[in-house]
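Let's take a walk through a protein model and see what its side chains are up to. Have the picture open while you read.

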Amino acid sequence: MGVLLRPAREAVAPAVGQGVGQGAGQGVLLDMEYEQPRMVVPEPDAAGRPELLHRALAGWVGAIGPLVPLADAGKSLRWAEAAVRLMERGLLPSGEVLHCTEHTEALVLLQPEELIDDLALRCLAPLAHCGPTHGRRLAQTLLAWLETHGGAPEVAARLGVHPQTVRYRLRQIRELWGAEIDDPDRRFEMELVLRAQRLRGTLGETPRQGRT
């Protein structure tokens with residue numbers, strides 16, 4: 001399933017029904033009655049179909065959900081709708097019709113915002129008193145350390161800083177989190193939160209408390 005964003009209210013329908021299915025399985029079905037038009041895209045990965053779709057949808061923006069059995073079409077549609085919402089917020093590329101399967105990390109991590117923010121309140125609480133600049137640097141270092149599973153040289157290479165700088169930051173991180181930094185469950189939560197924040201462009205920021 002796919003969802004499109006109209007480039008203009010009176011935009012001419014894309015030519016997805018004109019030759020898109022030739023040599024690539026059954027043709028695409030398009031419903032322009034929605035504010036955000038819907039598509040049924042059989043065999044989106046069939047030979048030649050991605051290129052044909054790309055040409056037919058030129059000038060349009062949207063998302064195509066993952067390939068699923070017909071009975072589960074609603075699931076594919078929900079993924080496409082979620083991707084379009086992220087595109088509208090500038091959190092996913094919006095220059096073309098993208099495939100959800102190429103942006104799984106963003107779709108998984110950016111949708112449950114309240115849950116991620118609540119988790120960030122707990123996981124990143126030690127950064128709250130570090131100041132925004134220093135807190136962001138510590139967050140970048142912590143995420144690089146969690147992703148590389150390496151020492152100061154590997155983290156330094158990833159961040160483009162001197163290993164001694166990384167060692168200093170890692171000492172601070174251990175002082176801030178204590179034994180919690182060695183707990184596998186806490187480390188997983190930290191990496192989850194930090195990856196989500198990196199996708200949002202808010203790495204190291206602690207969500208404000210007091211929401212209802």
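Which kind of contact do the side chains of Arg158 and Glu147 meet in? They come together in a salt bridge, at 2.9 Å from N to O. Keep in mind that this is a predicted model. Arg158 sits in helix α6 (residues 152-159) and Glu147 in helix α5 (residues 132-148), so the pair links parts of the chain that are 11 residues apart. How accessible are the two partners? Arg158 is partly exposed, with 48% relative accessibility, whereas Glu147 is buried at 15%.

Searching the whole structure turns up 10 salt bridges. Here are some of them:

| Pair | N to O distance |
|---|---|
| Arg200 and Asp117 | 2.9 Å |
| Arg158 and Glu147 | 2.9 Å |
| Asp182 and Arg174 | 3.1 Å |

Asp117 counts as buried, because its relative accessibility is 17% and the cut-off for buried is under 20%.

Now for Asp182 and Arg174. Asp182 is partly exposed at 44% relative accessibility, and Arg174 is partly exposed as well, at 40%. Some salt bridges share partners, and these join Glu105, Glu147, Arg158, Glu191, Arg195 and Arg198 into one network.

**The nonpolar cores**

Which residues have the most contacts inside the largest nonpolar core? They are Leu124, Leu142, Trp177 and Leu194, in a core of 24 residues. Helices α4, α5, α6, α7 (163-177) and α8 each contribute at least two residues to this core, and α5 gives the most, with seven.

Setting aside neighbours within four places in sequence, Leu124 is in contact with Trp177, Val193, Leu194, Gln197, Glu205 and Thr206. There is also a second, separate core of 18 residues, with Val3, Ala63, Ala82 and Val84 among them.

Another cysteine, Cys100, is buried, with a relative accessible area of 3%.

Methods: Residues numbered from 1 in each chain as written. Predicted model: local features only at pLDDT ≥ 70, side-chain atom pairs only at ≥ 80, totals over all residues. Heavy atoms only, no water. Buried < 20%, exposed > 50% of the residue type's maximum accessible area, 1.4 Å probe, protein only. Salt bridge = Lys/Arg side-chain N within 4 Å of Asp/Glu carboxyl O. Helix = DSSP H or I, 4+ residues; strand = E, 2+ residues; numbered from the N terminus. Core = buried A, V, L, I, M, F, W, Y, C linked by side-chain atoms within 4.5 Å. Contact = heavy atoms within 4.5 Å.
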